[in-house]
Amino acid sequence: MKTLSILFAFLVISLVSCDNETVSDSFSLGLENDFKINGEYHSTDNSLNFTVTEINDSRCPSDVVCVWQGKADVKIEVKSPVRGSIMLNTFDNLIDTLGNYSFELKDVSPYPISTKVIKLEEYNVTLKIVELTE
C-alpha cells in the first residue's frame, strides 16, 4: 500500500509539472515588448490577455535582390477583456485596434536570409500595445 501511495504522489507531481511548461509572460502596456508564437501573455495589470497564433514571413531575404520587399504577417488572438483577432503586417498594416487597445507592430526578427530556414519558435515579434483612453 505504501508503494501505491508513493506512485500516486509521483504521478500527481508529474502532472502538475507538465502544466507549468506553458509559456506565460507578463508585459507592460505602453512599452515595446517581445513575444513568441503560442505564448500566453497578459499585461502586468491583468487587463489584457492574448496569444500570437500565426507568423507568416514572405519578406525578401537580405542577401537577395527581389522585385518586391515582401511582408511578415502576425496574427494575434485576444482572449480578454474582449475576444477577437487582428492581423498586422510589416508592409501596410502596422497598427490595429481591438477593444480599448492599440497594437503596433514594431519588428519581426530575425530577418530572413536565403541560406537559413527560420523555425517559427525562433521568431520574436516586437509589439507596442497601448490602452486607449475614452
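A disulfide, meaning a pair of cysteine sulfur atoms within 2.5 Å, joins C60 to C66 with an S to S distance of 1.9 Å, and a search of the whole structure finds one such link. This is a predicted model, in which local features need pLDDT of at least 70 and side-chain atom pairs count only at pLDDT 80 or more, while totals for chains, interfaces and linings use all residues. Residues are numbered from 1 along each chain as its sequence is written, and side-chain values use heavy atoms, with hydrogens and water left out.

**The disulfide and its surroundings**

- The link of C60 and C66 is right-handed, with 80° about the S-S bond.
- C60 is buried at a relative accessible area of 10%, whereas C66, at 35%, counts as partly exposed; here buried means under 20% relative accessible area, exposed means over 50%, and partly exposed lies in between (1.4 Å probe, protein chains only).

**The open sheet**

- Four strands form an open sheet in the order β2-β9-β8-β7, with antiparallel pairing; strands are DSSP runs (E, at least two residues) numbered from the N terminus, and two of them pair if DSSP finds at least two bridges between them.
- The edge strands are β2 (32–35) and β7 (95–98), each of which pairs on one side only.
- Neighbouring strands of this sheet are turned by 35° against each other on average, direction ignored, where the axes are lines fitted to C-alpha atoms and angles run from 0 to 180 degrees between N-to-C directions.
- β7 is joined by four bridges to strand β8 (residues 101–109), and these two strands run antiparallel.
- Within this pair, L98 stands opposite Y101 in β8.
- β7 and β8 form a hairpin with two residues between them, and G99 in the turn has a positive phi of about 60°.

**Loops and backbone geometry**

- The peptide bond from S80 to P81 is cis, with omega near 10°, and P81 is found in the loop between β5 (72–80) and β6.
- Another cis peptide bond runs from S109 to P110, with omega near 5°, and P110 is found in the loop between β8 and β9 (124–131).
- N38, in the loop between β2 and β3, has a positive phi of about 70° although it is not a glycine, and N38 is exposed, with a relative accessible area of 53%.
- N46, in the loop between β3 and β4 (49–57), is a residue other than glycine whose phi is positive and near 60°, and at 56% relative accessibility N46 counts as exposed.

**A buried tyrosine and a nonpolar patch**

- Y41 lies in strand β3 (residues 40–43) and is buried, with a relative accessible area of 3%.
- Y41 and D25 are 16 residues apart in sequence, and their C-alpha atoms are 4.9 Å apart in space.
- V67, W68 and F91 make a nonpolar surface patch of about 390 Å²; patches are made of residues with over 30% relative accessible area and no salt bridge, with like charges joined within 9 Å and nonpolar side chains (Val, Leu, Ile, Met, Phe, Trp, Tyr) within 5 Å, and accessible areas come from the Shrake-Rupley method with a 1.4 Å probe.
- F91, found in the loop between β6 (84–89) and β7, is partly exposed, with a relative accessible area of 41%.

**Salt bridges**

- A search of the whole structure finds seven salt bridges, each being a side-chain nitrogen of Lys or Arg within 4 Å of a carboxyl oxygen of Asp or Glu.
- One of them brings together the side chains of E54 and K75 (3.9 Å, N to O), and this pair links distant parts of the chain, with E54 in strand β4 and K75 in strand β5, 21 residues apart.
- E54 is partly exposed at a relative accessible area of 31%, and K75 also counts as partly exposed, at 21%.
- The side chain of K75 also meets that of E77 in a salt bridge (3.4 Å, N to O), and E77 counts as partly exposed at 26% relative accessibility.
- Salt bridges that share partners join E32, E104 and K106 into one network.
- D73 and K71 meet through their side chains in a salt bridge (3.6 Å, N to O), in which D73 is buried, with a relative accessible area of 15%, while K71 counts as partly exposed at 25%.
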